[in-house]
Amino acid sequence: MADPSGPSAFQALLPAWFLLLAALVTALLGWLRPRLWIAVHRLIGGIGVVAALIAEVVLFRGITSITGISLVAYGGSVVVDNFATYSVVLLCGVALVGLLTSGTAAPALGRRAPAYHALLLTAAAGGVVMASGWEMGMLVAGLALLVPSLVGMVAVDKAVDGPGEAGLRQLVGLGVAMAVLVYGLAVVYGATGTTDLSATTAPLAGASPPLEGLGLALVIVGLASLVGAAPLHDWLLQVARASRGAVAGTVIALAVTSGGVALVRVLVSGFSASLRPWVVLAGVLAAIACLYAALLSIAASTVRRLIALGASLQGGLLIAALVGGGLDNQGRAEGGVDALLFGLAVFALSVLAGFLALALLEADGMGARISDLRGLSRRSPLAAGLLALGLAGLAGAPPLAGFIARVLIAGAAMAGGYGWVALATVAASLIYAIPALRALAAIFVEDEDAPALAGSAPLLARAGAVACAVFGVVASVVAGPLIYVANLSAISLR
Amino acid sequence: MSFLAQTTTTTGVNFPTIVFTLAVWSATVFALIALAMPDQTPEQRARIKAVATSGAGAALFFSIWATQTQAANAAGGAPGGELLEQHSWLSSFPFPSTYHLDADGLGLGLLLLVSVVFFCASLAAWRNDRRVKLLSFCMLILETAFLGVLVAYDWLLFLFFWSLPVAPVYLLVRGFGRGHRARAASRYAIASLLTTALLILVAGLITVQGNLRAFDMGTLPTLPGTGQAVCFWLTAAAFLLAMAVVPVHSALLDLEEDSTGALAAVFGAVLPTMGAYGLLHVTLGFFPIAVNYSLFFAALAVVTVLWSGVMALRADDLRRLIGHAGNVLMGLVLLGVAGHTTISLTGATYILIARGLAVALLMLAASAIQERTRRIRISQLGGLAWQAPHLAAFWGVGILTASGIPLLGGFFGELLLFTGAFPAHRWTTVVVLGGTLLLAGVLLWTAQRVFAGAEHEGFSRVRDLGVLEITYLGILAAVSLFFGILPAHFDTLFMNGATNILYPLSAG
């Protein structure tokens, strides 16, 4: 490990600083020069994200091959390890796509565009802090950056269905999640006497069952809500209902990614798979989350709701991956963590792909009801293809990587001795496939004599949507290297 | 499977080691080309059709290459596995998965069948001018999926290919079906998703519980008695559902009835064949406990053959009749499974091929009848042989293949199957034999009602088959004749395949 004193302490959070600096510049420019082109804000944001990525990769180069940890700072509160690097790269990727595609929401954002971009960057910074935090305080600090930023992003989007109300409901939903999580962490601290997540496992094993159970339950419920797992997914549905596609996609993808990162940090590093009660609770929650979201999707009449419920299903799958074994007694990563990390990348980009396809349709003034999609393949082949890939990715259909992620998650759950969780995840994915197939039929085989769509979405937005959709296909071909990277990341969690 | 493990060596020949990859993925390459092409004018649509036919042709070419190479190797005493391909895929996962392609005699025989049927279906699809791009793309992806199932030797890869057809089939039925197409598509999708769910669970169980710690299918899992029984029943349920045997046959019948032309041929000939392949290759090949349930398969064979035979007798819709006839032949395959002998399983392989050829031929011929007469009900047809003698001749080849007449594809299979199954299930074999005679009678009677008799007034303007129709029906008839006249060409290959399947049973 590197020297924890001096510049290292600053260096450890360099990606977050870059993101916050870019957010500050964007906000200041928006205040001083309100009529500035939105492209300038996007450029500044993009520079910030790329700088954060480079910083993380430079730090990553210093990682020792044995432990996977290169830097520990702030008395062990912040670490730069393989897992942090993986998570930061993923978060920056999501943020970059969010920035590139914000053009589709520009008319609705109006003069609030700088605020939107600044909030996007602070949300990403919050996620980065959570990824690098190995201590409860840093986790809460990251959450404190993330949650208000996400709420703000929804609130500044002037969409048709009242973003103010949706923002408020999202604030309540995520606020309660955050409060529950913080309260749970406080109880865990009370039981263990430490806020260091790398040191809680042993004390927790000896803690009194009621206290330990309460703390663990609250933490899991809070994190489940953050990743939008049903039935704690109301905030996610509100965001999907009231926001533009690009905004909803970015907000949900950032929340799910950050939540997934926190799941690993807290439950794998902090609680360890050896603590059976939380694993059972996570299993029950995962099974309910997956099945509930899938069953709700059967009745979905709008493609927004269908995609949102797909995102919620991914949240349930992430929790299910955890029951498949965190780390074994020798500290080796079992299948669950690898599957979760692989799934996290695949799911985040699938959610983005689905919502960005929707954003392209919004730009042409199309409605979001499934019946509105009739004949889309003739009216706009690009949007039809992207939406199909997005839905197929969320449903986990081959040849997309979502399929591989699901099989790995189910296999890992079985390996962990939780066949019933595997059964629930498989059943939920297959149930979700039914409404997804119905939507595909509307897109490709139901004729509609409507004129072709103009394709008004900006080029960058289309490129971002294509990139996310294509990732789903490419990731299944290069699943081997991706899982190798996920495996390397998991090593540092020991 | 340790037997296979002993045989997985490559020849060192330069090119053929990627022949399975070429056979499986060439259709996808052409599908992507078709997807990128414009389809506004008739000329553009014709180009897409040409690309689709080329894709199916390429897959057929490589399938013939693979089958012929392996047949020659088998005849020369080679143990098999000469065309094996294995490359690392998910090597870092705690349960590694590899890109492992191989095929035994059963898989190679069906590889040939599937690629022939798809090639003929792609020719038949030239007559369609609606949504040409969607039809071509989905058909080629379907072909990739089915060929992939037949050569996948890794669980993850097998599941990948197995669940790939759900969306294309659903879209094809919804887009090109008739009647209750939405219901038929939904029923198929639900059944198919259910089989996928069961197989994912089995894959997880044998990977994790079977001490394999890998997704590879080349090694037999060491499952305890209960675990093996659970996996056996789960796979049997999944594959029997896919085979559409009685009593879970109605979804496939709806699909055949509510689809048109080329699609009905593909669905009727190929979909249940995939289930049969799974039953033989996985359920029998992986779980030695299967030998204890021989009676179950025998009983199912009797029920399927008799029920489907009687329903064929009652059927008035030509496609439904063909569907029931296909089910009777699937009952024969079940008898082969119950027989548990090399001879009965080799017979089942031949029957599967003959069944696929016969059903495809009859479905395409039924489509030609419907196009010309605007009728599909047998009671409304008659005397067609006067106007369409070529069509009547091809129909005759189809029903004779299904009936197991000498010199056509079905004969050798039935001979081997009944000979192989008789020692183990004497009465069942006799009853099933009776069922096949009933089927032969029904098919001949149908031919008489549709083609013979006095010239029908309403059909005086019916024209005979065109060049394109004669081409694709002729290919199917020629392949059936080939298997009828020269069955010995593949017998060593198919026998080796059957031996591979039976190896764990004899070991267990």
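**A pair of helices in chain B**

Reply: In chain B, helix H5 (residues 132-151) and helix H6 (residues 155-163) have axes that come within 8 Å and cross at roughly 150°. H5(B) is therefore roughly antiparallel to H6(B) (over 145 degrees; under 35 is roughly parallel, 65 to 115 roughly perpendicular, the rest oblique). Axes are lines fitted to C-alpha atoms over the stretch in contact, with angles from 0 to 180 degrees between N-to-C directions. Helices are DSSP runs of H or I, at least four residues, numbered from the N terminus.

This is a predicted model, in which local features need pLDDT of at least 70 and side-chain atom pairs 80 or more, while totals for chains, interfaces and linings use all residues. Residues are numbered from 1 along each chain as written, and chains are lettered from A and ligands numbered from 1 in written order.

The crossing of H5(B) and H6(B) is left-handed (the near helix is turned anticlockwise from the far one by less than a right angle). Where do H5(B) and H6(B) meet? H5(B) supplies Ala145(B), Gly148(B) and Val149(B), and H6(B) supplies Phe158(B), Phe161(B) and Trp162(B); contact means C-beta atoms, placed from the backbone, within 7 Å. Five of the residues in this contact are nonpolar, one is polar and none is charged (Ala, Val, Leu, Ile, Met, Phe, Trp, Tyr, Cys and Pro are nonpolar; Asp, Glu, Lys and Arg charged; the others, Gly among them, polar).

Elsewhere, chain B has 29 residues in contact with 32 residues of chain A. H19(A) gives the most to chain A's side, eleven residues. That side has 26 nonpolar, four polar and two charged residues.

Notes: Contact = placed C-beta atoms within 7 Å. Helix = DSSP H or I, 4+ residues; strand = E, 2+ residues; numbered from the N terminus.
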